[in-house]
Amino acid sequence: MNEITVHPASEENPGFLLWQVSTLWSKSTTAALKPIGLTHPQFVILATIDWLKDKGASQEEIGRQVVLDPKVTSHLLRSLEIKGLIEPLRSIGKKSKNPVLTTAGMEMLSKALPVVKSADEDFFASIGLKQSKIVNTLQILARANFLKSDGEPCSLSEDDGESCSG
């Protein structure tokens, strides 16, 4: 029988482990956000819109930042618009709409941020996050694998974590 993988056991396979941990982390964050009426992806989009607010980020730029398919990004933005948490703002002289947080969106994000922070602290408590090298390792992986929509490598700034823009 031919060996399919270099890592015979799933607990030794970095890709599978990353998948498991990512899924478990997302589930814990989703559970923490459920009482306030947000899904984890909705929170990520809200936080990203807020983070990019000074740049007037388009739907495409938001999707690229959070590494989501354009259709998924569009669906999430529409769900947040229906909830009254964002509104599309047309740029002067541009056809694209740049989503912005409404007052309700800012209030929701203010509620959600400490919820997610607490969920993250609980999830990562077993590894002593401050002493762990996991964040550095994930940053290295992100920098090495983050691609612009045109397929060109994207450089992420080590100082501010800025990703591909435009």
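Reply: The protein chain has an average pLDDT of 83, and 78% of the residues score at least 70; pLDDT is the predictor's confidence in each residue, from 0 to 100. This is a predicted model, in which local features need pLDDT of at least 70 and side-chain atom pairs count only at pLDDT 80 or more, while totals for chains, interfaces and linings use all residues. Residues are numbered from 1 along each chain as its sequence is written, and side-chain values use heavy atoms, with hydrogens and water left out.

The part in view is the packing of helix H2 (residues 40-51) with helix H3 (residues 59-66), at an angle of about 115 degrees and with the axes 10 Å apart. Helices are DSSP runs of H or I with at least four residues, and strands are runs of E with at least two, numbered from the N terminus. Axes are lines fitted to C-alpha atoms, for helices over the stretch in contact, and angles run from 0 to 180 degrees between N-to-C directions.

From H2, Val-44, Ile-45, Thr-48, Ile-49 and Trp-51 meet Ile-62, Gln-65 and Val-66 of H3, where contact means heavy atoms within 4.5 Å. The residues of this contact comprise six nonpolar, two polar and no charged; Ala, Val, Leu, Ile, Met, Phe, Trp, Tyr, Cys and Pro count as nonpolar, Asp, Glu, Lys and Arg as charged, and the others, Gly among them, as polar.

Over residues 148-166, pLDDT stays under 50. Where pLDDT is low, the predicted coordinates should not be read in detail.
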